[in-house]
Amino acid sequence: MTQEEDIAAEAAAETNGPTHSGFVALIGPTNAGKSTLVNRLVGAKVSIVSHKVQTTRAIVRGIAIHDNAQIVFMDTPGIFKPRRRLDRAMVTSAWGGARDADLIVLLIDSERGLRGDAEAILEGLKEVRQTKILLLNKIDRVNREDLLALAAIANEKIAFERTFMISAENGSGCDDLMDYLAKTLPEGPWYYPEDQISDLPMRQLAAEITREKLFLRLHQELPYASHVETETWEERKDGSVRIEQVIYLERDSQKKIALGKGGETIKAISTASRKELSQILEQPVHLFLFVKVRENWGDDPERFREMGLDFPK
């Protein structure tokens with residue numbers, strides 16, 4: 001019996017029924033709330049969140065158990081009109097995730113509606129064969145009549161199997177969504193152990209947490225010219241962990257901004273990241289951040305592999 005069959009047998013015994021499992025791709029424009037929703041549905045932070053667009057760079061898988069189903073959510077990069085090589089890799093990754101999933105969930109910001117990138121995504125979805133679900137997010141900020149009108153317009157363009165109105169922020173409508181997904185995904189063994197919530201290696205999650213703090217602290221274009229890598233991870237005898245990370249920037253002029261006057265900016269980023277990592281790991285963390293300039297890192301195939309992206313030609 002394989003590991004997957006062992007997991008399925010245990011789950012079936014506990015739930016008194018056959019197990020269901022599958023991959024659900026969340027796609028949508030940038031800043032629609034995909035990462036916030038995945039974190040809520042999984043019940044833990046597996047994807048970083050910021051108010052800036054294009055925060056998610058590669059697919060992050062968050063794993064949730066609901067009834068007798070294991071639902072693997074694929075938090076994809078926001079889909080937008082790409083300008084740089086990194087942009088193209090992110091958008092390609094998002095569409096690739098959609099085509100690999102059992103179900104596709106399109107998340108739309110109800111306040112923004114179908115303007116801009118959302119319209120283009122609907123056109124792209126016409127070429128994708130999987131069952132499609134529509135989620136209207138941030139419903140607490142829009143009146144009911146406008147929500148119904150938005151749902152009607154979207155469903156005229158694409159044959160969505162179901163439409164849900166939710167708030168990723170406060171959880172409204174999320175239970176109905178989970179009930180539907182659990183029943184709709186195909187019967188089959190679970191892909192991951194019951195206690196696993198993500199397939200992201202801890203070293204990579206730690207780098208993502210620091211990148212989130214950098215996004216939240218810095219402004220304008222600098223966050224998009226940055227990349228974080230965890231270089232060393234040492235479990236110490238006293239139960240703590242020593243982590244060294246490098247923040248890569250594209251130009252020398254950006255280094256002063258990242259460090260801040262007297263090093264106050266990098267210190268604030270380090271403190272915020274260390275605090276959250278300590279909570280996630282449930283152990284003391286000694287975090288050391290270094291800022292280095294690597295010109296044109298956005299054209300380096302190795303950096304793309306580190307981020308989990310294919311390098312576009």
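Let me begin with a term: a nonpolar core is a set of buried Ala, Val, Leu, Ile, Met, Phe, Trp, Tyr and Cys residues joined through side-chain atoms within 4.5 Å, where buried means under 20% relative accessible area with a 1.4 Å probe, protein chains only. What you see is a predicted model, in which local features need pLDDT of at least 70 and side-chain atom pairs count only at pLDDT 80 or more, while totals for chains, interfaces and linings use all residues. Residues are numbered from 1 along each chain as its sequence is written, and side-chain values use heavy atoms, with hydrogens and water left out.

In this protein, the largest nonpolar core has 34 residues, and those with the most contacts inside it are Ile27, Trp95, Leu106, Ile108, Leu125 and Leu309. Among the elements giving two or more residues to this core are α3 (85-100), β4 (103-109) and α10 (301-307), and the largest share, seven residues, comes from α3. Another core, of 27 residues, lies apart from it and includes Leu26, Leu41, Val105 and Leu107.

Staying with Leu309, and taking contact as heavy atoms within 4.5 Å, we find that Leu309 touches Arg57, Ala58, Leu86, Ala89, Met90, Ser93 and Phe304, not counting residues up to four places away in sequence.

Turning to the whole chain, 54% of the 313 residues count as buried, and of the contacts with a separation of 6 or more, 72% come from residues 24 or more positions apart. Finally, the C-alpha atoms fill a box of roughly 55 × 50 × 40 Å, taken along the principal axes.

Key: Buried < 20%, exposed > 50% of the residue type's maximum accessible area, 1.4 Å probe, protein only. Helix = DSSP H or I, 4+ residues; strand = E, 2+ residues; numbered from the N terminus.
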